[in-house]
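Please go through the model below with the salt bridges in view.

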Amino acid sequence: MCQPWMVTTPVCVLGLGLIGGSVMRAAKAAGREVFGYNRSIDGVEAARFDGYDATDLLDDAVARAAATDALIVLAVPVPALPTMLEHIRTCAPQCALTDVTSVKGAVLQEVQAHGLVDRF
């Protein structure tokens, strides 16, 4: 049986490529409020065309995650992690954090370096 928080926690997906876009679709299909960020305006427009809430403004997405206490899903390449984690540490340090990046050791190292391991 699902706990109430499991169906009400919003999801913020940072990176709307193949994997992040799949996470966004699955979260919406599960009835979650879901929104996301993508660096490429083409990716944002494609998500919006398909009916998803997306922006190319990282600060806006992270601020919204903070305001809604969303689960933040990192779906960006490893080289983009420091930028994403710095925004999260500054604007949404209380949000739960997870990732769909394939290189777990590098992700954990960056999360630890940004002081967010207790939320990861």
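## A salt-bridge network

Arg 64 and Glu 33 join their side chains in a salt bridge, 3.1 Å from N to O. The two come from distant parts of the chain: Arg 64 is in helix 4 (residues 58-68), Glu 33 is in the loop between helix 2 and strand 2 (34-37), and 31 residues separate them. A salt bridge here is a side-chain nitrogen of Lys or Arg within 4 Å of a carboxyl oxygen of Asp or Glu. Helices (H or I, at least four residues) and strands (E, at least two) are DSSP runs, numbered from the N terminus. This is a predicted model: local features need pLDDT of at least 70, side-chain atom pairs count only at pLDDT 80 or more, and totals for chains, interfaces and linings use all residues. Residues are numbered from 1 along each chain as its sequence is written, and side-chain values use heavy atoms, with hydrogens and water left out.

Arg 64 also meets the side chain of Asp 53 in a salt bridge, at 2.5 Å from N to O. This pair again links distant parts of the chain, with Asp 53 in strand 3 (residues 53-55) and Arg 64 in helix 4, 11 residues apart. How exposed are the partners? Arg 64 is partly exposed, at 30% relative accessible area. Glu 33 is partly exposed too, at 36%, and Asp 53 is partly exposed at 35%. The classes are buried (under 20% relative accessible area), exposed (over 50%) and partly exposed (in between), with a 1.4 Å probe and protein chains only.

## A further pair and the count

Asp 99 and Lys 104 meet through their side chains in a salt bridge of 2.9 Å, N to O. Asp 99 counts as buried, at 10% relative accessibility. Lys 104 is partly exposed, with a relative accessible area of 46%. Shared partners join Glu 33, Asp 53 and Arg 64 into one network of salt bridges. The count for the structure comes to 4 salt bridges.

## Charges over rings

Lys 28 lies over the face of Tyr 52, at 4.8 Å from the ring centre. The rule asks for NZ of Lys or CZ of Arg within 6 Å of the ring centre and within 35 degrees of the ring normal.

## Two buried loop residues

Leu 16 sits in the loop between strand 1 (11-14) and helix 2 (18-29). Leu 16 is buried, with a relative accessible area of 12%. Which residues does Leu 16 contact, leaving aside neighbours within four places in sequence? They are Gly 21, Met 24, Gly 36, Tyr 37, Asn 38, Ala 47 and Ala 54. Contact means heavy atoms within 4.5 Å. The C-alpha atoms of Leu 16 and Cys 95 are separated by 19 Å, and the two are 79 residues apart along the chain.

Thr 9 lies in the loop between helix 1 (4-8) and strand 1. Thr 9 is buried, at 19% relative accessible area. Not counting residues up to four places away in sequence, Thr 9 touches Arg 32, Asp 69, Ala 70 and Leu 71.

## Phe 120

Phe 120 lies in the segment after helix 6 (104-113). Phe 120 is partly exposed, with a relative accessible area of 36%.
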